[in-house]
Amino acid sequence: MLALIAGTGVLPDELVAHLPERPLVCAMEGFQPDTLTPDVTFPLEQLGSFIAELKARGVTDVCLAGAVRRPEINPARIDAQTMPLVPIIQQALMSGDDGALRAVIGILEDAGLRVRAAHEIAPDLLPPLGCLTQAQPTEAELGDANRAVGVLRAMGAADIGQACVVHKGQVLVVEGAFGTAWMLQSLAARPDAGGGILFKGPKPGQDRRADLPAIGPDTVSSAVAAGLSGIVIEKGGVIVLDRPQVIAECDRLGLFLHVHERAV
């Protein structure tokens with residue numbers, strides 16, 4: 001039996017739509033999915049009891065999908081089954097995103113649950129290699145994509161983001177804690193004539209069972225507002241939400257969407 005631990009955003013909804021049957025939908029308090037109604041809601045302070053409930057319901061596999069911020073912990077709410085996990089949880093909350101996710105995955109696996117990636121249970125979420133749109137990237141723009149791969153590699157080593165914007169070999173902006181949309185908004189007042197690519201991909205060595213980057217229709221609108229020429233994503237590493245609409249919007253607005261093979 002599969003349980004989906006869903007956060008905010010549209011990914012949980014899209015994931016459920018791609019599955020042959022609805023999983024047990026769970027959510028941490030304060031981070032319920034946008035439209036899905038959770039079957040189980042739990043506070044972080046009772047994570048141990050929540051895991052015990054999953055096993056009592058016959059859950060064997062768990063998928064993590066959607067955004068979750070770092071919550072404040074109320075010590076008075078910690079129950080007996082969660083108390084042994086407190087040192088791990090505290091360390092996770094003080095770690096970077098990758099470290100925090102690895103800690104959560106480790107807790108679930110130590111309890112005997114198999115953690116599965118969203119794209120593993122719904123492989124159609126990942127697009128094929130190549131350009132998906134009428135507009136095509138130039139050789140220079142593909143060169144910018146290769147430049148962006150190196151930038152993301154350095155960013156990944158510091159655990160600070162999964163996207164950047166490159167134009168004519170120059171890095172215009174990199175993603176930080178506020179995410180891709182905020183990063184693109186920061187280019188609204190750029191002083192040049194526009195151009196450049198948004199490149200998005202997972203961090204090198206990232207555990208792809210959680211927090212795989214994603215783009216959707218809003219990304220296309222934000223890229224156009226930022227004056228970009230196209231979007232490049234790493235093959236096998238970025239989920240495209242509502243792919244038909246994304247491609248249609250790119251075609252309507254003259255943007256290209258290219259799925260790039262990352263060089264080793």
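Me: How do you know that E7 and E8 pair as strands?

Reply: DSSP runs labelled E, at least two residues long, are strands, while helices are H or I runs of at least four, both numbered from the N terminus. Between E7 and E8 there are four bridges in the antiparallel sense. Pairing takes at least two bridges found by DSSP, so the four bridges of E7 and E8 are enough. E7 and E8 form a hairpin with two residues between them, and Lys 168 in the turn has a positive phi of about 55°.

This is a predicted model, in which local features need pLDDT of at least 70 and side-chain atom pairs count only at pLDDT 80 or more, while totals for chains, interfaces and linings use all residues. Residues are numbered from 1 along each chain as its sequence is written, and side-chain values use heavy atoms, without hydrogens or water.

Me: What makes E6 and E8 the edge strands of their sheet?

Reply: The open sheet runs in the order E6-E13-E11-E9-E7-E8, with mixed pairing. Strand E6 (130-131) and strand E8 (170-174) each pair on one side only. Helix H6 (residues 139-158) packs on this sheet, touching E7, E8, E9, strand E11 (230-234) and strand E13 (256-260). Further in, E7 (residues 163-167) pairs with E9 (residues 197-200) in the antiparallel sense over four bridges, and Val 166 stands opposite Ile 197 there.

Me: Why are E3 and E5 called edges in the other sheet?

Reply: The order there is E3-E2-E1-E4-E5, in an open sheet with parallel pairing. Strand E3 (40-42) and strand E5 (114-116) have a single partner strand each, so one side of each lacks a neighbour in the sheet. From one strand to the next, the twist averages 30°. Inside this sheet, E1 (residues 2-6) and E4 (residues 61-65) share five bridges in the parallel sense, with Ala 6 facing its bridge partner Ala 65.

Me: What kinds of residue make the contact of H8 with H9?

Reply: Contact means heavy atoms within 4.5 Å. Pro 217, Val 220 and Val 224 in H8 meet Gln 245, Val 246, Glu 249, Cys 250 and Leu 253 in H9. They divide into six nonpolar, one polar and one charged.

Me: How do you know whether His 119 is buried or exposed?

Reply: Buried means under 20% relative accessible area, exposed over 50%, and partly exposed in between (1.4 Å probe, protein chains only). His 119, in helix H5 (residues 118-121), has 18% relative accessibility, so His 119 counts as buried. Beyond its neighbours within four places in sequence, His 119 is in contact with Leu 126, Arg 208 and Leu 212.

Me: And why does Ala 193 count as exposed?

Reply: Ala 193 has a relative accessibility of 87%, so Ala 193 counts as exposed. Ala 193 lies in the loop between helix H7 (179-185) and E9.

Terms used. Ala, Val, Leu, Ile, Met, Phe, Trp, Tyr, Cys and Pro count as nonpolar, Asp, Glu, Lys and Arg as charged, and the others, Gly among them, as polar. Axes are lines fitted to C-alpha atoms, for helices over the stretch in contact, and angles run from 0 to 180 degrees between N-to-C directions.
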